[in-house]
Amino acid sequence: MKKIKVDLKENAYDVLIRTGLVNTIESEVRKRNLPEKFFVIVDKNVKKNYPKLLRQIDADTKNTYTLNAYEKNKSYDTLQAIHKKMIGANLSRNSTILAIGGGITGDVGGFAASTYMRGIKYIQVPTTLLAAVDSSVGGKTGINFNETKNIIGSFYQPDLVLIDTNFFNTLPKEEILCGIGELVKYAFITSTKFSRWLIKNIDNIFALDERSVVKAIAESVRYKGDVVISDEKESGLRKVLNFGHTFAHAIEVEQDHKIKHGQAVVVGIACALYLSHRTHLIPEAKLNKFLKIIEPFKELIAIRTYDKNKLYSIMGRDKKNVSGKIKFVLIKDIGEIVLDYEASKKDVLYSLDKGLSLFAG
Ligand SMILES: NC(=O)c1ccc[n+]([C@@H]2O[C@H](COP(=O)([O-])OP(=O)(O)OC[C@H]3O[C@@H](n4cnc5c(N)ncnc54)[C@H](O)[C@@H]3O)[C@@H](O)[C@H]2O)c1
């Protein structure tokens, strides 16, 4: 088993990675003196595919909320329904929330845990590749509101993250692709060594080769954990994790969530690469070399129409902006990221056109 500690002092927690790990969930909870009374927030598809797991942790209709994982359900309505169910189950501070699902379940479940009784213990059990490599670690929780992604939320760290790679066997191919999309972000922001390894192993990860999947998760979680330790509340360095995301979040909303987060991240990275070139941070040869990294995704993502002015105005609502200015995370080289770049509207619109045209189908 791989164990990575996110050492946030009084909020420190372990991320455990192993096949079959959820079979030992109770003993991992006991070892950490966490309350053994569970309230379960579970993704609908996970519940359907893993009924034995729910029986194992004594999840019944009273202490379980089943979430239909759509971006539109990452909402106040869902949050309220979860809180109602928690109150109905007489949930006290002496309970632990288990958020079992992808990034949507983890984000809403974590936010529900952070706001119930001013915060109760919670464990992330990511069941998608995307949630395993990224969203389950770092403590960003929240919901979408007013056509803006993740605008309402909190920084609230889990008490444990249990990554069981068995879950990925029932994932649709499209969802594996989404996880690889978020991994591609790590290929740009971490190091040349990881980037080279990832490019060489993309097919293995897509085929769910265990060694490659575990290495990809461990490397990204280790990197993300270190970034979060040095800047938990995103006042500086943590912004590197948003590479491609200012574009991606706007694309998700403008496309009415018909494109998934992991896919939007790849398109967002393409736009960020064009903007980095347009603003002279990278020369043309490097732009072309970097675009090759996302080349395999061109066949797999399609955005046929878009409204670039609407995209620009959605970006203006991004919570990472300061004093009304849109701030971009751009790139000079692999592992050399430029934060808070204020680009002109003309350059942003140019980059949107260039980036999105790669995926015109
Ligand atoms: N908090 C963070 O730091 C952070 C980071 C990245 C992304 N996110 C958020 O994560 C969300 C995307 O997460 P996601 O890609 O995991 O999407 P998701 O939660 O929508 O899950 C994707 C789909 O896979 C299904 N599913 C989940 N596990 C399954 C399994 N084991 N077998 C079969 N089907 C399964 C779900 O029902 C859903 O249909 C977005 O809302 C994004 O904003 C958050």
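Trainee: What makes Cys271 count as buried?

Mentor: Its relative accessible area is 0%. Buried means under 20%, exposed over 50%, and partly exposed in between, with a 1.4 Å probe and protein chains only. So Cys271 is buried. This is a predicted model, where local features need pLDDT of at least 70, side-chain atom pairs count only at pLDDT 80 or more, and totals for chains, interfaces and linings use all residues. Residues are numbered from 1 along each chain as its sequence is written, and side-chain values use heavy atoms, leaving out hydrogens and water.

Trainee: Why is Cys271 too far from the closest cysteine sulfur for a bond?

Mentor: A disulfide needs a pair of cysteine sulfur atoms within 2.5 Å. The closest cysteine sulfur to that of Cys271 is in Cys178, 16 Å away, so the gap is too far for a bond. The structure holds zero disulfides.

Trainee: Why does Cys178 count as buried?

Mentor: Cys178 has 3% relative accessibility, so Cys178 counts as buried.

Trainee: How do you know that helix 7 is mostly covered?

Mentor: Of its 17 residues, 15 are buried. Helices are DSSP runs of H or I with at least four residues, strands are runs of E with at least two, and both are numbered from the N terminus. Helix 7 spans residues 173–189 and reaches 25 Å from first C-alpha to last. The expected span is 1.5 Å times one less than the number of residues.

Trainee: What makes Gly20 buried?

Mentor: Gly20 has a relative accessible area of 12%, so Gly20 is buried. Gly20 lies in the loop between strand 2 (13–17) and helix 1 (25–31).
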